[in-house]
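User: I am new to reading protein models. Can you walk me through one, feature by feature?

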Amino acid sequence: MNLQNLTFETQLLDDVPSLMALRAGLNTGVLRVLLNGPVARADIGPQTALPSDGLDTLLGLFRQCGMAGQEGDYWHLTPAMHALMVADPIALKRRADFVALAACDVLMHGDSLLSDPQAFQRAAATFRFFRYDRALGMGAAHLEDTAPWADYVSDLTAREGPDLGPLIPLEGVDHLLEVGGNTGVFARGLLELNAGLRATVLDLPAVCHLGARRRPEALADRLAFLAGDAREIAWPAGDAVLFKSVLHDWTEEAAELMLNKAVQHVPVGGRVIICERGPIAAEPVMHGATVAANLVFAQYYRHPEFYEAVLEAAGLRVLPRRSVTLDMAFHVVAGERV
Ligand SMILES: C[S@@+](CC[C@H](N)C(=O)[O-])C[C@H]1O[C@@H](n2cnc3c(N)ncnc32)[C@H](O)[C@@H]1O
């Protein structure tokens with residue numbers, strides 16, 4: 001996504017009236033109607049699911065939020081809104097839906113988020129969205145339940161990839177095993193950056209199925225999917241194991257177990273690599289509703305020192321940390337087996 005679109009999208013998602021107008025405009029079809037050019041006010045209603053006074057309120061919000069303008073009786077999208085709608089309206093809707101869900105969760109259950117993360121998980125709709133349990137099967141219903149969150153995660157990763165990919169230390173690596181690599185979006189970026197590299201994405205069965213369906217034919221012999229529970233199935237040989245935005249899903253003990261398994265798995269000279277957001281408390285500035293999409297995971301993002309200590313204790317030589325700031329600080333922690 002180009003910077004202009006990203007800036008305008010963030011502006012819309014960050015504020016309650018614009019977030020509401022965006023979701024309502026997408027859900028009722030009003031934005032789609034306006035996409036086709038200036039439309040007379042009287043012609044909008046019959047093409048959408050809105051009564052007249054609801055439509056007036058929505059159009060008023062559109063105007064205030066820079067989404068649409070009016071000339072006489074005709075309404076049109078602003079150039080910025082038009083560009084967003086043309087770029088990827090489905091991804092826009094996924095992002096808007098998730099930010100709205102997360103914002104409701106942190107506002108309604110912020111106290112339990114801070115005091116009792118497990119109670120927050122039970123109460124928060126966000127955590128019912130990520131149905132990893134449904135991804136264990138491969139039937140049509142499993143795929144249907146898995147696609148929404150796998151797609152949301154894939155969209156995010158497609159945005160992060162260009163900044164994070166170059167920070168992943170893969171010099172000299174032939175075969176990368178990416179644990180929890182979702183539909184392979186990040187791995188595909190790494191294959192583009194590293195000409196001689198092959199990668200295997202290990203993820204839950206429904207996720208792998210969705211990823212394999214999207215894999216370009218040209219990558220068939222460089223990108224493989226291995227379906228299963230990473231804790232249980234045998235890992236294929238590889239000289240690096242990567243966990244990108246995965247370990248925050250696990251308790252410290254479970255993350256440590258997974259990292260130790262990776263350390264045992266790589267050969268001498270091989271690497272274990274972790275790429276994760278840093279702790280929320282270390283963020284210098286946070287504002288707007290988009291922050292909620294990360295705030296729901298506030299109690300799970302860790303200091304990179306935690307991962308470095310685990311790798312060091314397992315006998316790896318820890319490489320210099322690489323960091324970059326996107327929506328939050330990301331840190332790449334890596335260790336080499338000596
Ligand atoms: C937060 S997502 C991150 C996905 C991806 N690495 C990215 O950054 O886009 C966590 C991923 O871990 C996968 N996952 C969760 N539990 C798993 C398990 N037991 N074995 C393998 N993969 C698992 C999920 O299916 C999901 O794709």
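User: Let us start with one residue. Is A42 buried or exposed, and why?

Analyst: Keep in mind that this is a predicted model. A42 has 9 other C-beta atoms within 10 Å, so A42 is exposed. A42 is found in helix α4, residues 41–44. In space, A42 lies 8.3 Å from D73, C-alpha to C-alpha, although 31 residues separate the two in sequence.

User: Why does A224 count as buried?

Analyst: The cut-off for buried is 20 or more neighbours. A224 has 20 C-beta neighbours inside 10 Å, so A224 counts as buried. This residue lies in strand β6, residues 223–227. A224 is 26 residues from R198 in sequence, and their C-alpha atoms are 8.2 Å apart.

User: What share of the chain's residues count as buried?

Analyst: Of the 338 residues, 38% count as buried.

User: How do I read the overall shape? What radius of gyration does the chain have?

Analyst: Compare the value with the one for a compact globule. For 338 residues, that would be near 20 Å; the chain has 22 Å, which agrees. Along the principal axes, the C-alpha atoms fill a box of roughly 75 × 50 × 35 Å. The chain has 15 helices and 11 strands. Now look at contacts between residues at least 6 apart in sequence: 67% of them join residues at least 24 apart.

User: Where does α10 have a kink?

Analyst: The kink is at A147, shortly before the proline P148, and amounts to about 35°.

User: Which elements do the buried residues of α10 pack against?

Analyst: Find the buried residues, then their partners. The buried residues of α10 include H142, W149, V153, L156 and T157. Buried residues of this helix pack against helices α9, α11 and α12, and against strands β8, β10 and β11.

User: Last, the ligand. Which residues come nearest?

Analyst: List the shell, then pick out the nearest. There are 19 residues around the ligand, and T157, G180, N182, A230 and S245 come nearest. T157 is also one of the buried residues of α10. α10 and β5 each supply at least two residues of the shell.

User: How many residues of the shell are nonpolar, polar and charged?

Analyst: Sort the shell by residue type. Nine are nonpolar, five polar and five charged.

Methods:
Residues are numbered from 1 along each chain as its sequence is written. This is a predicted model: local features need pLDDT of at least 70, side-chain atom pairs count only at pLDDT 80 or more; totals for chains, interfaces and linings use all residues. A residue is near a molecule or strand if its C-beta atom, placed from the backbone, lies within 6 Å of it. Helices (H or I, at least four residues) and strands (E, at least two) are DSSP runs, numbered from the N terminus. Ala, Val, Leu, Ile, Met, Phe, Trp, Tyr, Cys and Pro count as nonpolar, Asp, Glu, Lys and Arg as charged, and the others, Gly among them, as polar. A residue is buried if 20 or more other C-beta atoms lie within 10 Å of its own, exposed if 12 or fewer, and partly exposed in between; C-beta atoms are placed from the backbone. The radius of gyration is taken over C-alpha atoms; the globule rule is 2.2 Å times the number of residues to the power 0.38. Two residues are in contact if their C-beta atoms, placed from the backbone, lie within 7 Å. The bend at a residue is the angle between axes fitted to the seven residues ending there and the seven starting there.
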